[in-house]
Amino acid sequence: NWAIPQAQHSWVMILDADERITAGLAKEIHEMMSLGPNLDGYWVYRNNYLFGHRVRYGGWGYDTVLRLFHRDLGRYVGDTDHAEVEVTSGRVGTLSGRLEHYTTWSYDQCLRKTERYTDWQARVWHAQGRKPSLARLVFNGPLRFLRSYIFHLGFLDGSIGFQIGMLNGFYSYLKQARLWQLNYGLSQPDPE
């Protein structure tokens with residue numbers, strides 16, 4: 001948020017290190033800027049990849065992020081690296097071009113992200129006074145897998161869709177387990 005108003009131009013395009021602008025998106029943005037944008041911000045669809053494989057289903061196929069916006073009207077809202085840009089005027093549209101989003105290339109990267117995000121979420125819930133429940137601990141993971149793999153058609157992506165379903169389930173379970181640990185975990189004894 002500090003850097004956005006420091007931009008030299010009045011429009012800002014935010015890219016994460018794991019994202020690339022496609023030729024079609026670049027052309028669309030260039031044409032729109034030369035004509036003058038009629039809105040204050042734009043959502044962009046992403047083509048998501050896991051381990052180099054394009055993911056079309058499982059909830060990943062229709063992912064959008066607000067990344068192009070007028071410098072004076074957009075700010076990140078949220079506390080993590082999953083914070084979202086909000087345009088104060090509310091005047092936003094969606095571009096047809098897409099970003100290429102290469103989420104992770106290995107399980108090592110994936111599990112490090114999972115560890116960071118689940119720890120953060122559990123700590124936020126704990127600070128808010130949220131208590132864990134056995135029902136959430138037991139059912140959230142399997143239900144998240146079913147949602148991703150069955151209801152959001154992840155099975156159509158083959159083995160990568162199955163892995164995403166399992167990762168989503170594990171992620172959901174781990175947030176609940178970490179919340180349980182923060183509330184009921186015992187302190188490690190001092191080594192003697």
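These legends describe close-up views of a predicted model.

**View 1. Helix 2 and its span.** Helix 2 covers residues 107–127, a stretch of 21 residues. From the first C-alpha to the last, helix 2 reaches 30 Å, close to the 30 Å expected at 1.5 Å a residue. After helix 2 comes glycine 129, with a positive phi near 85°.

View 2. The buried residues here are Cys110, Thr114, Tyr117, Thr118, Gln121, Ala122 and Trp125. Because these residues cover an arc of only 130° around the axis, they are on the same side of helix 2. Strand 8 (92–104) and helix 4 (159–184) are included in what covers them. On the other side of helix 2, the exposed residues are Asp108, Arg112 and Ala127.

View 3. Arginine 123 and aspartate 119 meet through their side chains in a salt bridge, at 3.1 Å from N to O. The two residues are four apart in helix 2, so about one helical turn separates them. Arginine 123 is partly exposed, at 46% relative accessibility. Aspartate 119 is also partly exposed, with a relative accessible area of 25%.

**View 4. The salt bridge of arginine 91 and aspartate 40.** Side chains of opposite charge can pair when their charged atoms come close. In this view, arginine 91 forms a salt bridge with aspartate 40, and the closest N and O atoms are 3.1 Å apart. This pair links distant parts of the chain, 51 residues apart. Arginine 91 is in the loop between strand 7 (84–87) and strand 8, while aspartate 40 is in the loop between helix 1 (23–35) and strand 3 (41–50). Arginine 91 has a relative accessible area of 41% and is therefore partly exposed. Aspartate 40 has a relative accessible area of 13%; since this is under 20%, aspartate 40 counts as buried.

View 5. The side chains of arginine 46 and aspartate 63 form a salt bridge, with N and O 2.6 Å apart. This pair also links distant parts of the chain, 17 residues apart. Arginine 46 belongs to strand 3, and aspartate 63 to the loop between strand 4 (53–55) and strand 5 (64–70). Both arginine 46 and aspartate 63 are buried. In the whole structure, a search finds ten salt bridges.

**View 6. Phenylalanine 51, a residue with positive phi.** Most residues other than glycine have a negative phi. Phenylalanine 51 is not a glycine, yet its phi is positive, about 55°. Phenylalanine 51 sits in the loop between strand 3 and strand 4. Its relative accessibility is 18%, so phenylalanine 51 counts as buried.

**View 7. Leucine 153, also with positive phi.** Leucine 153 is not a glycine either, and its phi is positive at about 65°. The loop between helix 3 (134–151) and helix 4 holds leucine 153. With 35% relative accessibility, leucine 153 counts as partly exposed.

Note on methods
Residues numbered from 1 in each chain as written. Predicted model: local features only at pLDDT ≥ 70, side-chain atom pairs only at ≥ 80, totals over all residues. Heavy atoms only, no water. Expected span 1.5 Å × (residues − 1). Buried < 20%, exposed > 50% of the residue type's maximum accessible area, 1.4 Å probe, protein only. Arc of directions from axis to C-beta. Contact = heavy atoms within 4.5 Å. Salt bridge = Lys/Arg side-chain N within 4 Å of Asp/Glu carboxyl O.
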